[in-house]
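Please walk through this protein model step by step.

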Amino acid sequence: VQGSQNSESHKIEATKDLIIPQSTMEERSPEWQRTMDEIFLNDDEMKTRLEMQARLEGLINGMVASKSGFRVFPFGSNQLGVSTKEGDMDLICIGPQDLTRENFFEMVEKRLSDEAITRIRFIRSARIPLISLVFYNLAVDLLYVPLGIDQIPSSFSSLDDRKLRSLDHTSLDSLNGLRDGEAILQAVPNLTNFRFLLKMCKMWAKQRGIYGDKFGYLGGFSWSILVAYICMRNPKSNQMELVQKFFQTFATHDWMQPIYITSSCSYQINKRKDLMTIMTTVKPMKNSSTHLSMSTKHIIIEEFQRGKQMTEDLNEMSHLTDKFDFFGNFPAFLQITVSGIEEAQHQALCGWYEATFMEFMFKLDSMANMRAQPLPRSFVNSKGNFPFSCWYFIGIRKVNPDAKSDTSNMGGYVRDFITKFENWRDKTPGMDLLIKQIKSAPKEVREQWGVKSPETKAETE
């Protein structure tokens, strides 16, 4: 039984039997595995990441003298073992209680020095303050938590609530990524199968343009909970069975029923805000998927249904991870150009745009009979007047081609968003934000996005 709103127990049941013969499913596994090997870190590359983490931990301990010492742990994709080759590294440093977060970050920003560090910046304005640095040409986000224990052991568990009682809200928020990841790794019955399915789902979601909570889709943590849920329901299934059961389950799931992997869940659903309910693992439990709009929810469900259909059809299964032909599926687009004279300006403005994007998206979502579908990535703009510039795109089309639609307010929504940018307190001379409606994306963008998917080619022939 899937999670209910106020459940006291969580019963795990298996999904129905496979429709595709097992021999056929096994034939697909090497094919998908080869593709995943091109995208995700292999064992040697993961080992290199761990060595980098240990090197950074040593640099921090060498910079600050402390009896307790400092420990650095990975969280997110690196902790779960599903990092992509191009992905950054999320780390959290746990140190002594007498060194505040502000003092630690200021010290790191000013004193942490190594030839492998090419950029370092303290980002105070982030919801959770952090240090952003480039270490061995890899982007690293470093959080800090001052913990009130004498010594931080190598076997430290972030799930031990006794060690967390004195922490403030910011410290608890900083630790949640590490704690959620640790809870997932403890809950899944087979780590190899879990990592295979999670890599498969991340690859599929990115190819289909539905990965990224900043753009109204599901983020990495939500996908990991969905995958863990399937693995826990089907502990005896092999990897290819899990792929099919993933789509079988979520193509028909009632999203007013929470998905959770803990032993109990008590959560009051907000029908307006909780369009999908995918719960975090540690208390206080929260919905990890609150950034969705009605449009992006429907897009995700449509992709689950497409996945279900393709994993049940021998002729279609090979096309499961085909890239969505985003630029061939809409009659119009909003093209958002984000630019800066200096690289730091451009990065800051991209961060602001992605952090505030959903306010804009919710307004676009209110247009009658219109779907606004954002593509969750940026594209380099090499032809602009700024040395640092990129494009974002939102596809616009009617939901029902035969019904009336209303886009009369779209111009006002665009102006409101531009005004919000002009009033941004961190805006500096040399930053620029431009939004315009176009019928076709630039050729270089379409080439960067890639080849059309088979279903779109058939539609245009």
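P284 sits in the loop that runs between β7 (265–266) and α9 (294–311). The model is predicted. The peptide bond leading from K283 into P284 is cis. Its omega is near -5°.

R179 itself belongs to helix α5. Is R179 buried or exposed? Its relative accessibility is 5%, so R179 counts as buried. For a sense of distance, take T100. R179 and T100 are 79 residues apart in sequence, and their C-alpha atoms are 21 Å apart in space.

Helix α4 spans residues 101–111. Which of its residues are buried? They are R101, F104, F105, M107 and V108. Viewed down the axis of α4, these buried residues fall within an arc of 160°, so they line one face of the helix. An α-helix has 3.6 residues a turn, so residues three or four places apart point the same way.

The loop between β5 and β6 holds Y136 and N137. Phi of Y136 is near 50°, a positive value in a residue other than glycine. N137 is not a glycine either, and its phi is positive at about 65°. N137 has 70% relative accessibility, so N137 counts as exposed.

Follow the chain past β6. I149 lies in the loop between β6 and α5. I149 is buried, with a relative accessible area of 18%. The cut-off for buried is under 20%. Beyond residues up to four places away in sequence, I149 touches S68 and K163. P96 is 53 residues from I149 in sequence. In space, the C-alpha atoms of I149 and P96 are 7.2 Å apart.

Next comes a loop between two helices. Y211 is found between α6 (191–207) and α7 (220–233). It is buried, with a relative accessible area of 16%. Which residues does Y211 contact, leaving aside neighbours within four places in sequence? They are K202, A205, K206, Y217, L218, G220, W223 and P376. P376 is 165 residues away from Y211 in sequence. Their C-alpha atoms are 6.7 Å apart.

Strand β12 (residues 431–438) is the place of K436. K436 is partly exposed, at 41% relative accessible area. It touches F333, L334 and Q335, not counting residues up to four places away in sequence. K436 and M89 are 347 residues apart in sequence and 34 Å apart in space, C-alpha to C-alpha.

Step back to the whole chain. How many helices and strands does it have? The protein chain has 13 helices and 12 strands. Its radius of gyration is 23 Å, close to the 23 Å that the globule rule gives for 461 residues, so the chain is as compact as a globular protein of that length. Along the principal axes, its C-alpha atoms fill a box of roughly 70 × 60 × 45 Å.

Buried residues make up 53% of the 461 residues. Among contacts with a separation of 6 or more, 71% come from residues 24 or more positions apart. The accessible surface comes to about 21,700 Å². Carbon and sulfur atoms account for 48% of that surface. Finally, consider charge. The chain has 56 positive and 57 negative charges, and their mean positions are 3 Å apart.

Key
Residues numbered from 1 in each chain as written. Predicted model: local features only at pLDDT ≥ 70, side-chain atom pairs only at ≥ 80, totals over all residues. Heavy atoms only, no water. Helix = DSSP H or I, 4+ residues; strand = E, 2+ residues; numbered from the N terminus. Rg over C-alpha atoms; globule rule 2.2 N^0.38 Å. Buried < 20%, exposed > 50% of the residue type's maximum accessible area, 1.4 Å probe, protein only. Contact = heavy atoms within 4.5 Å. Areas by Shrake-Rupley, 256 points an atom, 1.4 Å probe, with all protein chains shown as cover. Lys, Arg positive; Asp, Glu negative; His and termini not counted. Charge placed at Lys NZ, Arg CZ, Asp CG, Glu CD. Arc of directions from axis to C-beta.
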